[in-house]
Amino acid sequence: MSGDAKTLLVTGGSRGIGRAVALLAGERGWRVAVNYAQDEAAAAQTVATIEAAGGEAFSVRADVAREADILAMFAAVDARWARLDGLVNNAGVVDVPARVDEMSVERLSRMFAINITGSFLCAREAVKRMSTRHGGKGGAIVNLSSAAASLGSPGQYVDYAASKGAIDTMTVGLAREVAAEGVRVNAVRPGIIDTDIHASGGLPDRVAQMRDMVPMKREGTALEVAHAILYLLSDEASYSTGAVLDVTGGR
Ligand code: NAP
C-alpha cells in the first residue's frame with residue numbers, strides 16, 4: 001500500500017459496525033487503526049482480515065472513557081503514520097433496560113463517559129491533527145448517533161438515547177466550528193442493526209423482537225451502516241457537513 005494513503009482511526013473498530021467500517025475502509029485503500037477496549041483477539045482478527053485483503057492496519061487498545069488512553073491511542077497513530085485523515089467515533093455502549101427512576105449515578109457516569117466524553121475527546125484530538133488552523137491538511141469525522149436520539153427509548157435506556165442526542169448536537173456544532181478549516185463532521189443514525197450490542201445490554205433477542213416494527217420489516221446489517229459512513233468520509237460527500245443520516249429502514 002502506498003505510503004501516502006489516507007489514514008483512518010475507528011474507535012471500537014474490532015467488532016460490530018466498527019469492524020465493518022474498518023474492513024470496508026481497508027478495501028477502499030484507507031490505512032486503518034482499529035481501536036478496541038478489551039477484546040484483543042477480535043481486534044487482531046479484524047486487522048488480519050484487512051491485511052489478508054491487501055490492506056494496512058494495526059490495532060490499538062484504549063478505553064475511550066479514559067483521557068490518558070485516548071492520548072496514547074492518537075500518539076500511536078502519529079508514531080505509525082504521522083498523519084490522520086479520518087476519525088469514526090464509533091465506540092459506544094448500551095446498558096440493561098431500566099427506567100430513569102432506577103438509574104444509578106455509576107450507570108449514568110459510565111454511559112456518558114464512553115458515549116459522550118469519549119467522542120468529544122477523540123474529536124478534539126482529531127481536529128488538532130486535521131484542522132488547517134493547527135497546520136493540518138483537513139479531514140473528516142463521522143460520529144455514531146442512533147435512532148434512539150429521536151425516539152428516547154422509554155423504559156429501556158433513556159440515558160443511552162440522551163447520549164446520542166448529545167452526539168447529534170456535537171455533530172452540528174463542531175461541523176460549523178471547523179467548516180472553514182477543512183474538516184467535515186457528520187453523523188449516522190443507525191436503527192436496529194444486527195450486532196452483539198443488544199446482547200451486551202441483556203437483550204439477545206432484541207433484533208428479532210423489533211424487526212416487525214421497522215417499515216422495511218427487517219434489521220440492518222453492520223455493512224449497510226458502514227457504506228453510509230464510508231460515503232460521509234469520502235470526497236463524494238465533499239459539500240456535506242453537519243449532516244445526520246438515518247440508516248434505519250424507515251423507522
Ligand atoms: P458492539 O457490537 O457492541 O461493538 C462495540 C465496539 O466498541 C467493540 O469494538 C468494543 O470493543 C468497542 N468498545 C466498547 N466500549 C469501548 C470503550 N470504552 N472504549 C473503546 N472501545 C469500546 O456495538 P455496535 O452495535 O457495533 O455499535 C457501534 C456504535 O453504533 C455504537 O456507538 C452504538 O451506540 C451505535 N449504534 C448501534 C446500533 C445497533 O443496533 N447495533 C444502533 C444505533 C447505534 P471491545 O470488544 O474490546 O470492548
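User: Is the crossing of H4 and H6 left-handed or right-handed?

Analyst: A crossing is left-handed if the near helix is turned anticlockwise from the far one by less than a right angle, and right-handed if clockwise. The crossing of H4 and H6 is right-handed. Helices here are DSSP runs (H or I, at least four residues), numbered from the N terminus. This is a predicted model: local features need pLDDT of at least 70, side-chain atom pairs count only at pLDDT 80 or more, and totals for chains, interfaces and linings use all residues. Residues are numbered from 1 along each chain as its sequence is written, and side-chain values use heavy atoms, with hydrogens and water left out.

User: At what angle do H4 and H6 pack?

Analyst: Axes are lines fitted to C-alpha atoms, over the stretch in contact for helices, and angles run from 0 to 180 degrees between N-to-C directions. H4 (residues 105–130) and H6 (residues 158–178) pack at about 15°, with axes 10 Å apart. H4 and H6 are therefore roughly parallel to each other; angles under 35 degrees count as such.

User: Which residues of H4 and H6 meet?

Analyst: Contact means heavy atoms within 4.5 Å. On the H4 side, the residues include Leu108, Met111, Phe112, Ile116 and Phe120. Facing them in H6 are residues including Tyr160, Ile167, Met170 and Leu174. By class, the contact of H4 with H6 has 13 nonpolar, 3 polar and 3 charged residues. Ala, Val, Leu, Ile, Met, Phe, Trp, Tyr, Cys and Pro count as nonpolar, Asp, Glu, Lys and Arg as charged, and the others, Gly among them, as polar.

User: How do H3 and H4 cross?

Analyst: The axes of H3 (residues 67–81) and H4 come within 10 Å and cross at roughly 30°. This crossing is right-handed. H3 contributes residues including Glu67, Phe74 and Asp78, and H4 contributes Arg124, Glu125 and Arg129 among them. The contact of H3 with H4 divides into 8 nonpolar, 1 polar and 5 charged residues.

User: Which residues are closest to the ligand?

Analyst: A residue is near a molecule if one of its heavy atoms lies within 4 Å of it. Here 31 residues surround the ligand, and the closest are Ser14, Arg15, Gln38, Tyr160 and Thr195.

Key:
Helices (H or I, at least four residues) and strands (E, at least two) are DSSP runs, numbered from the N terminus. Angles under 35 degrees count as roughly parallel, over 145 as roughly antiparallel, 65 to 115 as roughly perpendicular and the rest as oblique.
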